[in-house]
Each structure stands twice: as C-alpha cells, then as structure tokens.
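User: I have a structure to get through before class. Can you walk me through it in plain terms?

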Amino acid sequence: MSFYMVEFAYSLHQKGEREIKMRKQVYIYRSFERFWHWTQAFLIFFLAATGFEVHGSFVFFGYQNAVEYHNVAAYAFIILIAFAIFWHFSTGEWKQYLPTFSNIKAQINFYLVGIFSNAPHPTKKTVLSKLNPLQRLVYFALKVLVIPVMVISGLLYMFYRYPQKGGMAGLNLDSVEPIALFHTAGAFALIAFIVVHLYLITTGHKPTTNLKAMITGYEEIEEDDTEKTAAPKEETKAETIEK
Amino acid sequence: MKKIVIILVVFFLAIVSAVLFLRTNETQQPLTVQLKEKYSKKHIPSVDHSKFTSLQKNFAHPQEVTEACITCHTERHKEVMKSNHWNWEREEYVKGRGIIHIGKKNAINNFCIGVEGNEQSCAKCHVGFGMTEALSGYTDSTNIDCLVCHDNSETYAKGSEMGGAPDPGVDLAKVAQNVGKPKRTNCGVCHFFGGGGNNVKHGDLEKAMFEPSKEVDVHMASEGVNMSCVDCHTSENHMMKGKMYSLSSMNRNRSSCEQCHTESPHEASILNEHTLKVACQTCHIPVYAKVNATKTEWDWSTAGQLKNGEPFEIDDKDGNHTYLSIKGSFTWGKSLKPEYIWFNGTADHYLLGDTVSDTSKVLKINTLNGSYSDPESKIIPVKVHRAKQPYDPVTKMLIQPKLFADKKGEGALWKDFDWVRASDIGMTEVGLPFSGKYTFINTEMTWPVNHMVSTRELTVNCIECHSRNESRLAGLTDFYMPARDYSSIIDSSGKWIVILSILGVFLHGGVRIFSASKRRKGN
C-alpha cells in the first residue's frame with residue numbers, strides 16, 4: 001500500500017509539473033473566510049468531543065466539565081455564525097452556496113470514474129464560483145438544515161424548561177427528548193460530513209492544494225480568458241464583486 | 001481588511017473570556033460560613049432548673065414532676081396534648097379518601113405491623129405515662145412525660161413494657177433539675193430504635209448519630225458543627241417541623257435543607273438547575289446505613305418455629321437478628337445505595353380495613369405520589385422495606401395481630417405462637433372481622449432518606465446518574481436524561497453512517513492510489 005502511496009504522490013507531482021505553466025496563483029479565500037473556517041472547524045471538533053461525552057458515549061473531560069465546555073463552545077459558535085452571516089451577506093459571498101444542478105452529473109461522474117483516470121475537474125474553480133455543484137449542494141444543506149437544527153435544538157436544550165411551577169406553564173416542554181434526539185442526529189450528520197470533507201480535501205489539483213489554499217488563501221487556478229479570475233489584490237477583487 | 005479581522009478576533013476572544021470569567025467568578029459562599037458560625041454557638045439556657053425549690057424534692061410518681069412543670073409552664077401541656085408526639089395521629093387530607101386521622105395510633109406498617117393491642121409495650125416511645133390501654137380517652141395532662149424529651153442529665157430512661165412510665169431506677173429529682181432544650185439523646189432514644197432495634201426502620205437514623213463522624217453526617221459530626229436534631233426540626237408551641245411519610249400524607253410543615261441553604265446553593269449554575277427536579281438529599285446522601293445495618297426485608301411467614309418448645313434467635317456475624325421465632329426472618333443491609341422515586345410531598349396509605357384483591361402485585365403500605373411531569377415533584381432517595389406480612393384471604397384485609405402480652409395464654413403471638421388466635425384477638429381489638437384463615441402477602445414501605453448527609457467530596461457524581469449502564473436513576477423511566485437515554489435508532493444509524501463514510505473514503509482513496517500507480521507503470 002505504501003508503495004502505491006509513493007507512486008500516487010509522484011504521479012500527481014509530475015502532473016503538477018506538467019501543467020504548472022498554465023496556472024496562476026489566485027487569492028481565493030480571504031482572511032475572514034479562513035478565520036471563520038478554521039475556528040468553525042475547531043469548534044465543531046470540540047463540540048463533538050464534549051457533546052458525545054454528554055451523550056454518554058465516553059468519559060474524557062468529566063461530565064460536568066463536558067457540559068460546561070460544550071455550552072461555552074456553543075455560545076462561541078453562535079457568535080461566529082452571526083459574524084459569518086454578516087460577512088456572507090455584506091460581501092455577496094452567499095451566492096456561492098446557491099445550489100445549481102447544471103454539471104452535477106458530470107461532477108458525480110468525476111468522483112466515481114474520472115478521478116481514477118486522472119481526468120480534469122469538470123468544473124473550473126474561479127473566484128466567483130469557488131464551489132463545484134456538489135459542494136454547493138452539500139454546503140447549502142449544511143447552512144440551511146444541519147447548522148440551524150443544531151443551533152435551535154442546542155438553544156432549546158440549554159433553555160429547556162422542565163414541567164415546573166411558577167406561572168409560565170406555557171413555556172414548559174413536556175420532555176427534552178425530541179430536542180436531544182434532533183441534536184444527536186445532527187451531530188452524527190456533521191461527523192459523517194467531516195469524514196468525507198477531510199478526504200475530499202485531497203482531491204484537488206494536488207493532494208495538498210485545497211489545504212494550502214484554506215491556510216494561505218492562495219490557490220493555483222487554471223487561467224481562463226473568458227472569465228476574469230485572477231485578482232491577487234483584494235481591492236481589485238472587491239470591485240469585481242461589486243460589478 | 002487585516003485590521004477588521006484583528007478587531008473581530010479580539011472581540012470574539014473578549015466575549016469568550018467574559019463568559020468564562022463570569023461563570024467561574026460566582027465562587028463565593030459566605031452562606032455556609034455564616035451557617036457554620038450560627039450553629040456552632042453553644043446554647044446558653046436562660047434559667048437553671050436546679051435552683052427552683054419546687055423541683056428540689058423526692059418525686060414518688062413521675063406525674064408529680066409533670067405537675068411541677070405545669071406550675072410554671074402553665075400552658076405548655078395544652079400544646080403537647082395537641083401534638084402528634086402525644087396524639088400519635090394527625091388530621092390529613094388524602095386525595096380520593098378525604099380527611100382521615102392517621103398516625104402511629106392506627107397505622108399499619110410492615111415491621112411490627114401496628115400499635116393497637118400492643119400499647120403497653122409500644123408506649124416506651126410515647127411522650128406519656130400510664131398508656132396501658134388504647135390511646136383514646138387518654139386526656140390526663142399529668143400523664144405527659146416532659147422528661148423524656150427535656151432531660152439533659154442523660155440519666156432518664158423509660159421502663160420496658162410499663163405503659164411509658166420511667167424505669168424505677170431513675171432519680172426523678174435529678175432529672176427534673178436538669179431539664180433543658182432537647183439533645184440528640186432525647187430524640188435518638190426513640191427515633192434511632194424504631195422497629196425494635198437500632199436502625200431497624202429508617203436506615204439513616206441510628207445510634208451512630210449520637211456521635212457521628214463527618215463522613216457519617218456532616219451536620220451532626222461531633223468534630224464539626226455538631227448540630228442537634230432540633231436545630232433543623234425546629235418547633236413552635238411543641239409542634240415539630242418535619243415528619244415521616246410512613247405516617248404523614250400532606251405536603252406541609254416539612255423540614256428541609258432549603259430552610260438554611262436556599263434553593264440555589266451551588267457555585268455552578270448547572271448544579272443549581274438540578275434543584276428544580278432533584279432534591280438535595282438525592283446527591284448529598286450517596287449511601288445510608290453507613291455504620292450499622294438496617295432492616296431491608298422482613299418475612300413474617302417463618303415466625304413461630306420453636307426449638308424444644310422454646311423460641312430462639314439466629315444472629316449474623318454483626319449481631320443482627322436474621323431469625324427470631326417471634327418475628328420471622330430478616331435481611332439486613334449496610335452502606336446501602338438508596339432507591340429513587342419522584343415525590344411531590346403527598347402520600348397515601350393502606351389503612352386498616354382496606355381490602356386488597358390483587359395480591360399478585362406487591363401491596364404498597366404507603367404510596368409516595370409524584371412523577372416527572374408533576375411540577376411539584378422532585379427525585380428523592382428512599383429506603384424501601386419489603387416484607388411478607390399476614391393477610392386474610394377471605395376478608396381481603398391485612399391482619400393486625402395481637403403480638404404482645406405479659407404472659408402466655410392471653411393469645412399474643414409472641415407468647416403463644418398461634419397466628420389464628422393472635423389475628424382473631426388483634427382484629428377484634430381494632431373492630432374488624434377475621435375469617436379464621438390467614439396467609440402472607442408481599443408488601444413494601446417507602447422511607448425517605450433525609451439524614452446522613454455526606455461531605456461535599458463524597459457527593460454523588462454526575463456520571464453516577466448520567467450513565468448508560470449503571471445509572472442510579474435507572475428505575476425512573478418517565479423522562480429523558482442525557483447520557484442515560486438515547487434513541488437506539490438514531491444512535492445505530494448514526495454510527496453506521498459514520499462507519500460507511502469512513503469505509504467509503506478508504507475505498508475511494510485506495511482505488512485512486514491504485515489507479516494512479518497503474519497509470520505510472522503504463523507510462
């Protein structure tokens with residue numbers, strides 16, 4: 001297996017060498033986007049670790065600590081989400097996540113067949129369209145379904161009122177059970193997402209291309225005359241978006 | 001742009017640290033310090049009873065002492081005669097039954113079953129003298145036993161089977177001159193020995209509580225705050241706060257932890273949230289019967305075996321009776337984990353004369369009401385005492401047998417070992433029919449555990465309840481509790497989705513690596 005790994009890496013390297021002249025460094029992930037991405041990544045891992053301890057899956061932090069850390073991380077996550085929403089709307093980046101069904105078949109074909117024969121990516125990555133159709137679909141589902149379910153069920157979990165006295169019976173919920181079950185289901189969905197997401201990072205031009213891009217913000221992108229892609233300076237790019 | 005990011009990061013961290021700071025900075029607990037100071041103060045009596053001439057004489061009868069008390073404390077006897085310590089009953093409202101009068105006087109339990117017919121022996125723990133017959137019509141105030149509760153000389157003792165009169169060896173003048181606020185010994189002499197022996201009934205009230213260590217009881221520890229019973233069980237006009245739901249029914253006049261500690265005594269709000277649904281005792285009394293064993297099972301059906309015509313006893317290695325010819329077989333338990341129930345402060349009772357048709361179910365002698373969805377209910381720790389006790393299969397009633405008599409031939413079970421005759425006399429005495437047939441049915445009594453509060457370090461941990469397999473609350477299934485409960489559908493499908501994702505990723509990755517190497521070889 002390790003033999004194949006070396007071969008694989010080498011072949012990709014060669015492929016990169018061959019094509020590098022036609023590609024250009026493009027500033028694709030801006031600093032807030034990267035900050036948001038990595039903070040979110042850390043928080044999701046931390047929330048998963050503490051959350052599954054609260055769920056009774058294992059003992060690590062200690063139960064009370066797990067609950068308290070989970071709550072603090074949850075607030076942090078909500079604040080982060082608030083900033084991210086603001087950023088997405090103020091920059092217009094939210095449009096990146098609008099699902100599109102054109103090319104979706106080609107994209108599926110690429111992951112199922114083409115990727116093994118070194119076929120080119122069916123969709124080109126540009127500053128205005130960073131996500132391929134499958135990514136758009138999955139991230140869209142995350143943003144409108146999974147994350148809201150987690151936030152809403154999480155807040156209800158925190159502020160859930162037991163059947164209690166005190167004159168606000170209307171606010172009482174009979175049971176935390178449905179809340180907890182939605183929250184757990186969402187957690188499993190997020191973990192499955194992370195597994196696949198971590199793997200798909202390696203399907204870029206080179207196995208490390210996507211990772212580097214999310215760290216530095218820069219990625220080599222194929223030049224295309226018909227579309228204005230290169231915008232190494234932020235100012236230029238901002239203008240492009242405004243147009 | 002960089003500036004904005006830096007501002008955002010700083011702002012973000014500021015919020016997170018503020019949240020953390022505010023959470024941990026609630027750590028001030030002057031309340032417990034204040035309470036420690038308050039209850040460590042030694043009580044200084046306002047009078048010295050030995051200086052009163054009316055007490056400096058030889059008392060021929062204990063009633064003369066009471067008369068002497070009343071000459072100064074002119075109204076107190078009226079208070080005592082209204083109290084349940086005297087009446088052995090309270091007026092209670094029970095849903096479905098209406099107003100009932102219940103107390104030691106007429107209640108049935110699954111230890112020695114009941115008082116009626118056995119007064120002369122049981123009166124050893126009554127605050128009066130001369131209780132040779134039934135309690136009703138017992139109205140002579142000079143029969144009040146002031147001394148049993150107020151003796152501070154620790155020399156007073158009631159005689160056995162004397163209807164509540166003091167032991168003839170007691171120096172009444174000495175005791176009368178040394179009266180004061182009740183001490184642990186005054187309460188403990190009865191309340192620690194209920195059921196006919198140390199710790200038989202309660203499990204959390206026993207002779208170790210005379211001088212407990214901090215591990216046994218953090219409040220009463222002699223080397224600690226050294227609190228007495230009446231520090232919590234305060235009284236007003238001889239009405240004590242607190243009662244036991246083996247006899248009580250209504251949610252009133254309860255002695256509680258909150259009366260000193262408030263409803264939110266913890267540093268961590270996550271713990272204070274628990275107090276809404278979990279009683280203090282649930283976490284703070286991890287085990288009871290810490291020093292000496294308590295009775296957990298009592299099987300009356302084996303009573304009456306004789307050796308050479310004589311009753312006998314079998315003891316375990318700790319000296320606890322495991323068999324007595326007069327009472328049957330027992331099981332004892334030490335350092336027990338309580339059982340847990342929902343409780344809203346109200347209880348129902350089996351009352352003499354109630355008929356029970358379904359004997360396949362365990363009969364609850366007392367039923368403590370409550371459920372998760374009841375806003376008044378909290379989870380409390382309880383001792384459950386299980387028994388097999390006599391039952392009339394024809395009248396469908398529990399049997400109150402006559403147990404005690406001075407001598408053989410009077411039909412008492414403990415002398416003559418004849419269930420039919422003892423049942424007949426006993427039931428006649430309480431005015432109920434007896435068919436002549438008897439059998440034994442399974443019964444249960446629930447005793448809330450309120451004492452033997454442990455130190456903070458020994459408090460029940462989160463995961464002793466919030467746990468999949470060994471939750472202390474495994475028996476309370478009417479609510480969802482994190483870590484204990486889960487949906488097996490969601491958990492197993494969730495696990496499989498994650499496992500399949502991992503497998504899929506490895507398969508896909510493997511094929512990529514394999515095909516890449518093949519391509520390279522092809523080149």
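User: Anything to know before we start?

Analyst: This is a predicted model, in which local features need pLDDT of at least 70 and side-chain atom pairs count only at pLDDT 80 or more, while totals for chains, interfaces and linings use all residues. Residues are numbered from 1 along each chain as its sequence is written, chains are lettered from A and ligands numbered from 1 in the order in which they are written, and side-chain values use heavy atoms, with hydrogens and water left out.

User: OK. How many helices and strands does chain A have?

Analyst: Chain A has eight helices and two strands. Helices are DSSP runs of H or I with at least four residues, strands are runs of E with at least two, and both are numbered from the N terminus. The order from the N terminus on is α-β-α-α-α-α-α-α-β-α.

User: And how much of chain A is buried?

Analyst: Of its 243 residues, 43% count as buried. Buried means under 20% relative accessible area, exposed means over 50%, and partly exposed is in between (1.4 Å probe, protein chains only).

User: What about the surface, which residues make the nonpolar patch?

Analyst: I85(A), F89(A), W94(A), L98(A), F140(A), V144(A) and L145(A), with about 660 Å² of accessible area together. The elements that give two or more residues to it are α3 (63-91) and α5 (133-159) of chain A. The largest share, three residues, comes from α5(A).

User: How is a patch defined?

Analyst: Its residues have over 30% relative accessible area and no salt bridge; like charges are joined within 9 Å, and nonpolar side chains (Val, Leu, Ile, Met, Phe, Trp, Tyr) within 5 Å. A salt bridge is a side-chain nitrogen of Lys or Arg within 4 Å of a carboxyl oxygen of Asp or Glu. Areas come from the Shrake-Rupley method with a 1.4 Å probe, and for residues only the protein chains shown count as cover.

User: Where does L98(A) sit?

Analyst: In the loop between α3 and α4 (104-112) of chain A. L98(A) is partly exposed, at 38% relative accessible area.

User: Are F35(A) and F12(B) buried or exposed?

Analyst: Both are buried. Another pair is F89(A) and W94(A), which is stacked because the centres are 5.7 Å apart and the planes at 25°. F89(A) counts as exposed at 55% relative accessibility, and W94(A) is partly exposed at 34%.

User: Last one: which residues of helix α7 in chain A are buried?

Analyst: In α7 (residues 209-216), they are T209(A), N210(A), A213(A) and M214(A). Seen down the axis of α7(A), they fall within an arc of 130°, so they line one face of the helix. That arc is taken from the directions from the helix axis to the C-beta atoms.

User: What covers them?

Analyst: The cover includes α2 (31-54), α6 (177-200) and β2 (218-222) of chain A. Just after α7(A), G217(A) has a positive phi of about 95°.

Notes: Contact = heavy atoms within 4.5 Å. Phe/Tyr/Trp six-rings, centres within 6.5 Å; stacked < 30°, edge-to-face > 60°.
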